[in-house]
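Hi,

Here is the structure I promised to send over. Please have a look at it first, and then read my notes below.

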Amino acid sequence: MNMIPDFKSIATKSPWIYRINAGSCNGCDVEMATTALIPRYDIERLGCQYCGSPRHADIVLISGPLTTKVMQAALVVFNEIPDPKVTVAVGVCPISGGIFRESYSVKAPIDQYFPVDVNVPGCPPRPQAIIEGVAKAIEIWRERM
Amino acid sequence: MNFLQLFAHNLTQGPFTDPFPFQPAPTAKRFRGKIEFDPETCEGCRKCEKVCPAGAIRFTKTDKGLEFDCWHDSCVFCGNCEFHCPTNAIHQTQDWHLAHVQQDKYSMVAHGVIPSHECPSCGKPALFTAAPANKVKGFSEAEIAEFRALCPKCRGKYLRDRKSR
């Protein structure tokens, strides 16, 4: 049992991030990819790394206005992420619907379906803004661990 | 660039990585960021509300006057409002620090009030909006201040009187 506090101090150093595209136009996804994969922005300095499986994730980045068609799939993937997880809504679409607001095929804002913790508005937000959002998410995540 | 060149560059210039979360990030001069509203120079034409593609801008009439609200969580930073504003009352700043926690979601608003008052000429309630630039060409500052305080009807009368003078 003594190992658990040690494990917590080690594990809270590097949250893995996972992104869900809930019907995004790919603008925010490109910015999210840029944030992590290009040495200029390099989010790995904060210990973050994209992972391929939702079961390894700690921080979820959701982009897109949550279209009706993708909603069930997005919920299934979201529920596979183990607790404690932190949800970051990237772009104005998941936060309020942006220009797609009040459309018949869009379920935005997503905080009706997902427990959102941090919002990063922008269309798309610049990579530094996403880094700022992830930094806020890491703080929340450390509190929850 | 071969390895040695890259190595020499990194030794002299430092790494390419932006030091952002630990130091301020470079921002372009014409960066389209957070909206800022100045009720002093607003004409109250509501053009920005009409051209906003995301419906982020809203004007409401209250007892205080005409209230302006722009929700940053819906704004797509297209710059339409700034482009169409006849008096440059609304403009975009370079500020992009908009990431916030969920509790602050509905307080991310640029707010401004154009106060209402009584028209000094007819006594009816009027908005204290800025004078349209094309109508007050050649006016002295005292005349502009006088014109500004009037209600729309009295403004027309004022212009006609001034022409006939």
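First, the ground rules. This is a predicted model, in which local features need pLDDT of at least 70 and side-chain atom pairs count only at pLDDT 80 or more, while totals for chains, interfaces and linings use all residues. Residues are numbered from 1 along each chain as its sequence is written, chains are lettered from A and ligands numbered from 1 in the order in which they are written, and side-chain values use heavy atoms, with hydrogens and water left out.

**The interface**

A:Asp111 and B:Lys105 form a salt bridge, at 2.7 Å from N to O.

There is also some strand pairing between the chains. Strand β5 of chain A (residues 118-120) runs antiparallel to strand β5 of chain B (residues 100-101), and two bridges join them. Strands are DSSP runs of E with at least two residues, helices are runs of H or I with at least four, both numbered from the N terminus, and two strands pair if DSSP finds at least two bridges between them. A:Asn119 has B:His100 as its bridge partner.

**Salt bridges elsewhere**

Over all chains, the search finds ten salt bridges. Among them is A:Asp83 with A:Lys85, at 3.9 Å from N to O. A:Asp83 is exposed at 65% relative accessible area, whereas A:Lys85 is buried at 13% (buried is under 20%, exposed over 50%, partly exposed in between, with a 1.4 Å probe and protein chains only).

In chain B, B:Lys34 and B:Asp95 form a salt bridge with their closest N and O atoms 3.6 Å apart. This pair links distant parts of the chain, 61 residues apart. B:Lys34 is partly exposed at 26%, and B:Asp95 is partly exposed at 27%.

B:Glu40 forms a salt bridge with B:Arg148, with the closest N and O atoms 4.0 Å apart. B:Glu40 lies in the loop between β1 and α2 (47-51) and B:Arg148 in helix α4 (residues 141-149), so the pair ties together parts 108 residues apart in sequence. B:Arg148 is buried, at 14%.

Best wishes

How values were computed:
A salt bridge is a side-chain nitrogen of Lys or Arg within 4 Å of a carboxyl oxygen of Asp or Glu.
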